[in-house]
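Please keep the structure open while you go through the headings.

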Amino acid sequence: MTVIPITLAPGKRRAAIENFYQDVVRGLTAPQKYLDSKYFYDAKGDALFQEIMQCHEYYLTGCEMEILSSQAAAIAAELCSSGEAFDIIELGAGDATKSIHLLKYLAEKGVDYTYYPIDISKNVISLLEKTLPANVPGLKLHGLNGEYFDMLKRVGNLSTRKKVLLFMGANIGNFNVAAARSFCRELRSMLSPGDRLLTGFDLKKHPQMILSAYNDGAGITRAFNFNLLERINRELDADFDISRFDHFPTYDPGTGACKSYLVSLANQKVRIGDDVVITFAEHETIYMEISQKYSLPEIAQLAATSGFEPVTYFFDSKRWFTDCLWECY
Ligand SMILES: C[S@@+](CC[C@H](N)C(=O)[O-])C[C@H]1O[C@@H](n2cnc3c(N)ncnc32)[C@H](O)[C@@H]1O
């Protein structure tokens, strides 16, 4: 497929916008149209995600918050068990409202570490730099705005300490199982024996409960999905009419894949910039996001096939969610 060069005002020809444009055109001209979920997070997307985390249907945040707030001491004990100095690197840190419990606990105990939050959202990193040091006295913070692996490489040039990676919020679920394995293997290739990874996994449970988490009654998840079309309109000069699309989440308990789609409600054409027109048939879908659910054996298999050894599983009291600590061997 040929990707047509971006035709935006010269001032907007930044690499980030160009990448966004190329990814959007690539996705919307694929046989199954799709959009990359990393683009959900502009300033409005960040704010909507905060609202999703407050929804009563979205149990994930409460479960992981319970783990971090009630088991920070146990997690810290594991991290400090080798006696070696480490830094904490959080992949897709968001507002760090969960990791802050661990950061605070370690700081209170006088553990010397630097916290490197990585996030693709500039907004998120500026906010963390502004607010976190005031809330965690003594915190050494170095925010990194960009993609996971690019920024992780940068941390490698900044510190030679052992690395403790946090990958929370069930972010790993935003990959299908094969892509999660490739992601973990790539992470592993950038780490050394003894480095650790604490990952949040949403566990398989009653299918209806899972589906409801991605279809909240207040329509916030719906707005979060539509915001990506609005972002394409805003940043790439497109003309999506969101009233001509519907939000359709699905969950397959067999595979554990919870997927969301936008459905075209009519035969329609959408223009992107000056050069691209995308044709939608009525009921054609755009695949927006996966939130993969796991069983404990599936998590162990993911660790084993990507070069990690599970050390400990931390669970919430309902055992709906787990933060797993893995070590590189
Ligand atoms: C689902 S939120 C989770 C936030 C936080 N970890 C939590 O548990 O609440 C995902 C975060 O990852 C960031 N993100 C998504 N894709 C990314 C990528 N490819 N590289 C860096 N950050 C990314 C988003 O901007 C967002 O802040």
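## Salt bridges

Lys140 and Asp112 form a salt bridge, with their closest N and O atoms 2.6 Å apart; the term stands for a side-chain nitrogen of Lys or Arg within 4 Å of a carboxyl oxygen of Asp or Glu. Lys140 sits in strand S3 (residues 140–141) and Asp112 in the loop between helix H5 (99–108) and strand S2 (114–119), so the pair ties together parts that are 28 residues apart in sequence. Helices (H or I, at least four residues) and strands (E, at least two) are DSSP runs, numbered from the N terminus. By this rule the count comes to 16 salt bridges.

A word on the ground rules: this is a predicted model, in which local features need pLDDT of at least 70 and side-chain atom pairs count only at pLDDT 80 or more, while totals for chains, interfaces and linings use all residues. Residues are numbered from 1 along each chain as its sequence is written, and side-chain values use heavy atoms, with hydrogens and water left out.

The protein chain splits into domain 1 (11–56 + 209–292) and domain 2 (71–203 + 294–328), with bounds from an automatic or database domain assignment. Their centres, taken over C-alpha atoms, are 27 Å apart. In contact (heavy atoms within 4.5 Å) are 14 residues of domain 1 and 15 residues of domain 2. The two domains bury about 1,200 Å² between them, 49% of it on carbon and sulfur atoms; buried area is the accessible area (1.4 Å probe) that two parts lose on being put together, summed over both. Lys38, Ile290 and Gln292 supply 43% of the area that domain 1 buries against domain 2, more than any other three residues.

One salt bridge is counted between the domains. Glu147 and Lys38 also meet through their side chains in a salt bridge, at 2.6 Å from N to O.

## Around the ligand

The ligand is surrounded by 18 residues, the closest being Gly92, Lys98, Asp119, Ile120 and Glu147; a residue counts as near if one of its heavy atoms lies within 4 Å. An N or O atom in the side chain of Asp119 is 2.5 Å from an oxygen atom of the ligand.

The backbone takes part too: a polar backbone atom of Tyr148 is 3.2 Å from a nitrogen atom of the ligand, and a backbone N or O atom of Gly169 lies 3.2 Å from a ligand oxygen atom.

How values were computed. A polar contact is a pair of N or O atoms within 3.5 Å; within protein, one must be able to donate a hydrogen and the other to accept it, and residues adjacent in sequence count only if both atoms are side-chain atoms.
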